[in-house]
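Open your viewer and keep the sequence panel beside it. We will go from the whole chain to single residues, one selection at a time.

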Amino acid sequence: MRDVAAEAGVSPMTVSNALTGKRPVSEQTRQLVMETVERLGYQVNVAARSLRQGRTGVVGVAVPTLDSHYYSQLSHRLVRRFAQAGLATVVEETHASREGELAAFRDSRLNAYDGLVIAALGLTEREINALSREVPVVVLGEQELHQTVDHVSMPNVEGAESATRLLVERGCRRLAIVGSPPLDALATATLPEGAAFSLRAEGFRRVAQEAGASAVATHAGVTQEAGVRCAEELLALPELPDGVFCVTDTLAFGVVRGLADHGVRVPEDVLVVGFDDVEDARYRVPSLSTVAPDHQAIVDHAVRLLTRRIAAPDAPPQDVTVSHTVVERESTRREQPVRAGAARRSRAGAR
């Protein structure tokens, strides 16, 4: 740590605070320390620190699935960031079930993990509050936790509004959302994937209504295959939507594939935008326009809050929502507007 401090031009205590989150440092200083740590190849001596502090130096990360563009990349980023903070990470899948999430807490307790980051979908606020007394925890996701535990969330409504507004600004007036319950049932609908999709649907609904655009919704799951099935449902409508918002990039990949299988082109016939800005979005053909939440901020806040909670169990909980941008790529860019009925003729020709 003295070497890092000397190289970065800060004190050893500043290095310690930047790594552990025990005391706040400015974002500029934290970034400087992290870059120096990575450049020098600094590693915390976990065994020595565990003996001194009575900790294992291991934290858990629990996500619904690793077979997902978003959660696999999130887990990878968390593992790397915790390593920079001198903590080893155990990653496990909960399968988006209450039982799986309870097992993650149980494993954290039995294996004496120092803390747990969990993307919780099945547990109630009361259950999370009770379990957080047994192990330091940071919750990722959209639960209404009323600032009872440390919590990091995405701007789901605002991001979906931005994505839908992009479609409207590009001339779309027949809108569809993929990954949503019926729009007239949003207030009462419950999706197994959790609240995020309903929040994104609410943002879509608001902008579509403000723009006076027609809007339909379809939902068949969260995989690329589900996106293909949703595309087929859209193709069966009397009039094909000219703009599609998908609540995840994974679904958007499936929608683009399903449309292409029937001769409908993106973006020439239909514009498509996703949500998450996973790495594959920039490499698909066409490259995918998408809502990009601040992924680095999600990881940084999660690590900061957990290390803070480990060091100071009685610290007041924090609730953080990260920012977002819309990244426009090929899937919403077309040189000339489509003539009325062109998408229908293209679809008919494919048949």
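Here is a short tour, starting with the whole model.

**Before you click.** This is a predicted model, in which local features need pLDDT of at least 70, side-chain atom pairs count only at pLDDT 80 or more, and totals for chains, interfaces and linings use all residues. Residues are numbered from 1 along each chain as its sequence is written, and side-chain values use heavy atoms, with hydrogens and water left out.

**Colour by confidence.** pLDDT is the predictor's confidence in each residue, from 0 to 100. The chain averages 88, and 89% of the residues score at least 70. Now select residues 336–347: here the pLDDT is below 50, although the stretch has 20 contacts in the model beyond near neighbours in sequence. A contact means heavy atoms within 4.5 Å.

**Show the whole chain.** In cartoon view, look for 13 helices and twelve strands. These are DSSP runs numbered from the N terminus: H or I over at least four residues for helices, E over at least two for strands. Of the 351 residues, 52% are buried, meaning under 20% relative accessible area with a 1.4 Å probe, protein chains only.

Six strands form an open sheet in the order 2-1-3-4-5-11, with parallel pairing; two strands pair if DSSP finds at least two bridges between them. Which strands stand at the edges? They are strand 2 (88–93) and strand 11 (319–321); each has a single partner strand, so one side of each lacks a neighbour in the sheet. For a close-up, select strand 5 (residues 150–153), which pairs with strand 11 in the parallel sense over three bridges. V152 stands opposite V320 in strand 11.

Axes are lines fitted to C-alpha atoms, for helices over the stretch in contact, with angles from 0 to 180 degrees between N-to-C directions. Helix 6 (residues 98–110) lies across strands 1, 2, 3 and 4, at about 170° to strand 3. Next, select helix 12 (residues 295–311), which lies across strands 1, 3, 4, 5 and 11 and runs at about 180° to strand 5.

**Finish with a helix pair.** Select helix 3 (residues 27–40) and helix 5 (residues 69–84), whose axes come within 10 Å and cross at roughly 90°. That makes helix 3 roughly perpendicular to helix 5, a label for angles of 65 to 115 degrees. Show side chains for R30, M34, V37 and E38 of helix 3, and for R80, R81 and Q84 of helix 5: these residues make the contact.

Notes
Buried means under 20% relative accessible area, exposed over 50%, partly exposed in between (1.4 Å probe, protein chains only). Angles under 35 degrees count as roughly parallel, over 145 as roughly antiparallel, 65 to 115 as roughly perpendicular and the rest as oblique.
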